[in-house]
Amino acid sequence: MTITDWPRTAVDSAPDPVSPAAVSGPPAPVSRTPGTVSDAPDFVSETGNGTGTKPTPQKLTRTQKWAAAAIVAAALVLAGIGLYLSFEHVAVFAHKELRFESLGKGQLFAVGVDVGIMVMIAVDLLMAWLKRPISWIRYPVWLLTGATVVLNAASGAPEGAWKLLDYVAAGAHGVVPVLFITVVELGRTAIDRIVRPDQEERDSIPWIRWTLAPIATGRIFRRMKLWGVTSYPEMISRDQELIAYEQWLKRKYDGDVNQATEDERLPMTMAPYGYTVAQALAMPDEQEQSAQEREEEAERRRLDAETRSEVAKAESEADRLRAKGKVETVRAEVDGQTGQARAHARAQVSAAERAAELEQEALESAVVAEARAREAGAERKAAEEREAEAAADNRAAELERQAAEKRKQAAEADRVAAAEAQAIETHTIAEARCAAAEADKAAAETERAAAETRRRAAEADRLAAEETQRRALADANTQAARKREAETELATAETRLAAAEIERRAVEAEDAAKLTPRQRAVRKVARMVLAAGGAADRLPLAAIQQELAVTSPGTASEYRHEAAELLAGGYRP
């Protein structure tokens, strides 16, 4: 038969579900009373003072209030009587026997003891009324009351040998203080039950049991106090279960309980620690279950630690990959910007060279065209001059011919006149001579007009040559300006390329140093200050806001100030 097969017919109720977690731990306080093991008399569940059940909280009736007031008044009267008697006896005894110099000092001593007792009693009752009882304050009250009882009894002691009546007299001196303390304890208990009706009350052990079985009852009282068992019937039921279990073990092993296993002897071993039979028998399974739970908890913590370690490694790897990706992204951006700047610079240089070639070709074409135009103009002007000269020559020849014709006519007239009269000159001959003179004058005028025409043609040729020279000079200046602009753009592209390279190296250095975003921003502003000439005041706040994407001028000013301090500390990218 196993340990779980022991007969339970004597126990009808299930064990208390709250069992201790460890052997050394106290069991939970019992809140209910299980059935008894045997057919014990009904008086077992009755206590001497009737406190086995919880009082039902209810309001006092008018009669009860008057009764309570009468009790309080009687207690105050009793206190007054006790103080009066105690004061007189203790004061006289202190003056005569305790060597107080005067009766007044003895009276002060008695007043001090009595007032101290009353103050502590008042505090004890007040805190009980406020539901904040102070348990230890009762012991000084008891001690001082005991001292008062001793002093009162000593004040009635005889000077010679003690007789029976002397003992009675000494005891009579301490009756009133004892009565007063008893009334105070009753009042404190009553107040505590009134203000805390739900508090579980502790059962008292009947006096008949103390009388009939003092040693066993003392053990029961000790266990109830040590392990918080408030129910006397529950404690009796535990004892009965333990006795029944021990008898079952003796029957099983033929009276030798030592042959039982350690697990079977656990109820006897754990009984002094407040364990019931069921709790003690369930302890091995509970301990194994607790051990298994601890192992499972340790395994779970180990797995959680491994999981956290793996998660931390994964997060660290992810952070490293993100940092590497960020570096690669920045490198790609810098390389892209560098290639873009180089391509832009090459495109600008190529465009500038092509523009220069086109300008040169256009200039050459313009010069050739201009030269051809000038040659054509010169040839045209020469042809015009030749035509003008020819016309002038023709006119002169015509004039000469006309003059010759006129001279011929004149000669013919002269010959006719000479033939007719050969005498005197006539009016017609004079007119012919005038006409010949006029013809000579017109020929001279024509020659002068031809010379003027030739002079004007030479002046036009000179002006055209000067205009061509000015155009050639302007074209040369334009070509030089365009060449200088292309060189400037090339230098700017090279500067941007160098700045991009410096930025790339600075970003790599910042990534290697694992700087914070603010430190990176400050170093970027420092590089902007160096690019602006090295003076922080020359760098506009708007440029910092645009570059760092910040909206507050105050933040941009802080970045510029920190960048100036960084440059002053020797920072160079």
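This dialogue covers the salt bridges of a predicted model.

Q: What kind of model is this, and which residues count?
A: The model is predicted: local features need pLDDT of at least 70, side-chain atom pairs count only at pLDDT 80 or more, and totals for chains, interfaces and linings use all residues. Residues are numbered from 1 along each chain as its sequence is written, and side-chain values use heavy atoms, without hydrogens and water.

Q: How many salt bridges does the structure hold?
A: A salt bridge is a side-chain nitrogen of Lys or Arg within 4 Å of a carboxyl oxygen of Asp or Glu. The structure holds 21.

Q: Which parts of the chain does the pair Arg 223 and Asp 239 link?
A: Helices are DSSP runs (H or I, at least four residues), numbered from the N terminus. The Arg 223–Asp 239 salt bridge spans 2.9 Å, N to O. The pair links distant parts of the chain: Arg 223 in helix H7 (residues 214–227) and Asp 239 in helix H8 (residues 232–252), 16 residues apart.

Q: Is Arg 223 buried or exposed?
A: Buried means under 20% relative accessible area, exposed over 50%, partly exposed in between (1.4 Å probe, protein chains only). Arg 223 is buried at 13%. Asp 239 is buried at 17%.

Q: Where do Asp 319 and Arg 322 lie?
A: Both lie in helix H10 (residues 277–420), three residues apart, about one turn of the helix. Asp 319 is partly exposed at 41%; Arg 322 is exposed at 53%.

Q: Which residues are linked in a network of salt bridges?
A: Glu 297, Arg 300, Arg 301 and Asp 304 are.

Definitions and conventions:
Helix = DSSP H or I, 4+ residues; strand = E, 2+ residues; numbered from the N terminus.
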